Structure formats: structure tokens, C-alpha cells
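Student: I have just opened this entry and would like to be walked through it. Could we begin with the overall picture and then turn to single residues?

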Amino acid sequence: MPNIKQIAEAAGVSVTTVSRVLNDHPYVSEAKRKAVEEAIRKLNYSRNMNAVHLIKGTTRTIGVVLPRINLYYFARMMEGMAQEALLHNYQLMLCQTDYRPDEERKVLEMLRNKQIDGLVICSRSLSLDEVEAYAAYGPIALCEAVRDRPLSSVYIDHYAIFQKAITYLWEKGRRRIGFTAGRRRNSPSLRRRLQAYNDTLLALGGSPRQEWVLDGCYDIGDGAALVEHLLAMPERPDALLITGDQVAAGFILAARSRGLEVPGDFAVIGFDNQPISAVLGITTIDNRLSEIGARAFDSVRSQLAGQQPGPVSEELGFRFIKRGSV
């Protein structure tokens, strides 16, 4: 394999000039840059990027922990991160964990071993204490509310969202209100939603029902199956907060196929403001997922670039979009 000295000889320039071209240094004439690039092509030279990263102490790669890549919720976050990564010449390393603690630890070890420069955690199963222990090895941002820790966070207020949505359903005359969730265990967002569900209904004079907290709902098929589950209940809710517009769409389409009406028999509020919510007229919450992803990425990047002195915590507002499903 050719080396830098051979490239310099072939291009008729100094070794320093070759090094500047390889490192995209601005102070190289266009003629010399083209000569070096032509010599690289003719000699079929390729750089040992592991050595480059070792010398520079950086990989320009930011890891992303997400449980599943095929869910719209996380895909929207990734869209925001990817746009920022392209803008700032960074690469993303996607690490799908399926909420397995050992898989999350593997990614944290990659940060400790300098295989990645920083980390964005979209959702997690590990404790914050365990995550925080790795903050000394590089900037970490989480897409949830985190305070008083050396970790950045970008988030929306799940309590406020549920409070507003439940109150809206109550004002529409609904008294039997339930909601769906993805996972039950170790979910910070679910804890906030459940607290808001209980608090808001009690404050309004209603009764929260734990059997109407329906977990395991991720996609359109889960939404369709939910109809049969509710119809088998001796007493079922007449309104649902469905945390995902794909799930809400599946529920509405399956309900209609059984002769049920939305919002007649069931009022429905979805989440995420997905395109399908506009097509089916689903009232939904725009929780700004793409922006959460973009700002989480930028918090990590800014710390790496020295533009941000340390971790920050940023709350984003949400938008309540009223359509015809309530």
C-alpha cells in the first residue's frame, strides 16, 4: 500500500501538502489539491481511519441508543439527528437495544473506549445512576427530563400533555377514560403519564381505572387488536388517549369494521402528529419528536466543539391538534 511520501512524489508536492489535503486544510492551492487527489486515485491510496482517529482523539461519530428502529416515534427523532449530523459532518452509529440492559451497557462501553465521541439516548432501561457514571468519558444527552446531573436532556412535559388531553375529553362529556402505553416497566414517560392520569381524573371528580391502562401497544396491528380486547371487557372506556397515531389508526379502522363509531362509541386522541392522523382526522398531540432529536444531537456536538460549556436541560412545548376523532 502506498504511503504519504509516495503520494507526494507522484503529485510533485511536499509531504506537508499531502497531509493538508488529506485533513481538508483550507490553505492549499486548487492546483496542488487536484494534483494530490489525482495521485491518490492513481495509487489507490486509502487511509487507516483507526490510526487517524487515534492521532486526533476523535471519531466524529455520535452513538444513538434506541430500543427499536421500526417505530415511528424513534424514526422521527432519528430524522432530526440525521439532519444535524449531515450539516455538521458527523456520522451516527445506531445501536438498537430492545431495552436490554446489557446492550445499553455495550454502547456506554463504546463511549468509554473512545469508539464514539458522544451519545444520545432516545429511551433506556438502565438507571440514570448507571448512565451518569459514563458522563466523564464524553457528552451524553437523553430525550427525557433529567435534572441535577451531568447529563443533557431535551424533553416534553408528559404530565402537562395528559392533563390537557384528559381535561379536553372530560369537557366533551367523556367520563370513562383510558390510555395506551408501550412498555410498563422502567419508563419515565409512562410514570409521568400515569401520575397525570390519576391526578387529573381525581381532580375532575372521575375515577382512574388501572385496567384501562393498556400496555403493549406499538403499531397499527396492536391498535386493531385493542378493539377486540376492549369489546371483551365487562365495562370498557368510552375515550382513549392512544400514545401513537399508528396505533390510533389501527384502532379506528378496526372499530369501524366492527360497526363502531369514532367518536360516537369511542373518542380517540392520538400522539406524534403522524401523517396518518391528518388522513384519518385523528385529534393528536404534536410532541416535536424531530426537534427533540435534533436538539439532543446538537447538545452533544456543541459540547464536543467547546461551544457549550456543559450539559443543559431543555423543555420543548407541545401542540394540541383538534380534528374529528373526539
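Student: How many of the 326 residues count as buried, as a percentage?

Tutor: In this predicted model, 48% of the 326 residues of the protein chain count as buried.

Student: And how many helices and strands are there?

Tutor: The protein chain has 13 helices and 12 strands. Its radius of gyration is 25 Å, well over the 20 Å that the globule rule gives for 326 residues, so the chain is more spread out than a compact globule.

Student: What does the C-alpha trace span along its principal axes?

Tutor: The span is about 85 × 40 × 30 Å.

Student: What about contacts between residues at least 6 apart in sequence: what share of them joins residues at least 24 apart?

Tutor: That share is 68% in the protein chain.

Student: Now for single residues. Where is S152, and is it buried or exposed?

Tutor: S152 belongs to strand 5, which covers residues 152–155. Its relative accessibility is 1%, so S152 counts as buried.

Student: Which polar partners does its side chain have?

Tutor: The side chain of S152 forms a polar contact of 2.8 Å with the side chain of S299. The S152 side chain also reaches the backbone nitrogen of V312 at 3.1 Å. Leaving aside neighbours within four places in sequence, the residues in contact with S152 include I140, A141, L142, Q308 and P311.

Student: Q308 is on that list. Where does Q308 lie?

Tutor: Q308 is in the loop between helix 13 (289–304) and strand 11 (313–315). The side chain of Q308 makes a polar contact of 3.1 Å with the side chain of S299. S299 therefore has side-chain polar contacts with both S152 and Q308, if one uses the cut-off of 3.5 Å for N or O atoms.

Student: Why does Q308 count as buried?

Tutor: Its relative accessibility is 16%, and buried means under 20%. Apart from residues up to four places away in sequence, Q308 touches S152, S299, S302 and Q303.

Student: Changing topic, what can you tell me about D245?

Tutor: D245 lies in helix 11, residues 245–257. D245 is buried, with a relative accessible area of 0%. A polar atom of the D245 side chain lies 2.7 Å from the backbone nitrogen of Q274.

Student: What else does D245 touch?

Tutor: Not counting residues up to four places away in sequence, D245 touches a set of residues that includes G270, F271, D272, N273 and T284. E109, by contrast, is 35 Å from D245, C-alpha to C-alpha, and the two are 136 residues apart in sequence.

Student: Which peptide bond is cis?

Tutor: The bond from V262 to P263 is cis, with omega near 20°. P263 is placed in the loop between helix 11 and strand 9 (267–271).

Student: And where do D98 and K114 sit, and what is phi for each?

Tutor: D98 lies in the loop between strand 2 (91–96) and helix 6 (101–112), and its phi is near 55°, a positive value in a residue other than glycine. D98 is partly exposed, with a relative accessible area of 32%. K114 lies in the loop between helix 6 and strand 3 (118–121), and phi of K114 is near 65°, again positive in a residue other than glycine.

Student: One more residue, please: T200. Where is it, and what does its side chain reach?

Tutor: T200 is in helix 9, residues 188–204, and its side chain reaches the backbone oxygen of A196 at 2.7 Å. With 5% relative accessibility, T200 counts as buried. Leaving aside neighbours within four places in sequence, T200 is in contact with Q163, I166 and T167. The C-alpha atoms of T200 and F162 are 8.3 Å apart, although 38 residues separate them in sequence.

Terms used: Residues are numbered from 1 along each chain as its sequence is written. This is a predicted model: local features need pLDDT of at least 70, side-chain atom pairs count only at pLDDT 80 or more; totals for chains, interfaces and linings use all residues. Side-chain values use heavy atoms; hydrogens and water are left out. Helices (H or I, at least four residues) and strands (E, at least two) are DSSP runs, numbered from the N terminus. The radius of gyration is taken over C-alpha atoms; the globule rule is 2.2 Å times the number of residues to the power 0.38. Buried means under 20% relative accessible area, exposed over 50%, partly exposed in between (1.4 Å probe, protein chains only). Contact means heavy atoms within 4.5 Å. A polar contact is a pair of N or O atoms within 3.5 Å; within protein, one must be able to donate a hydrogen and the other to accept it, and residues adjacent in sequence count only if both atoms are side-chain atoms.
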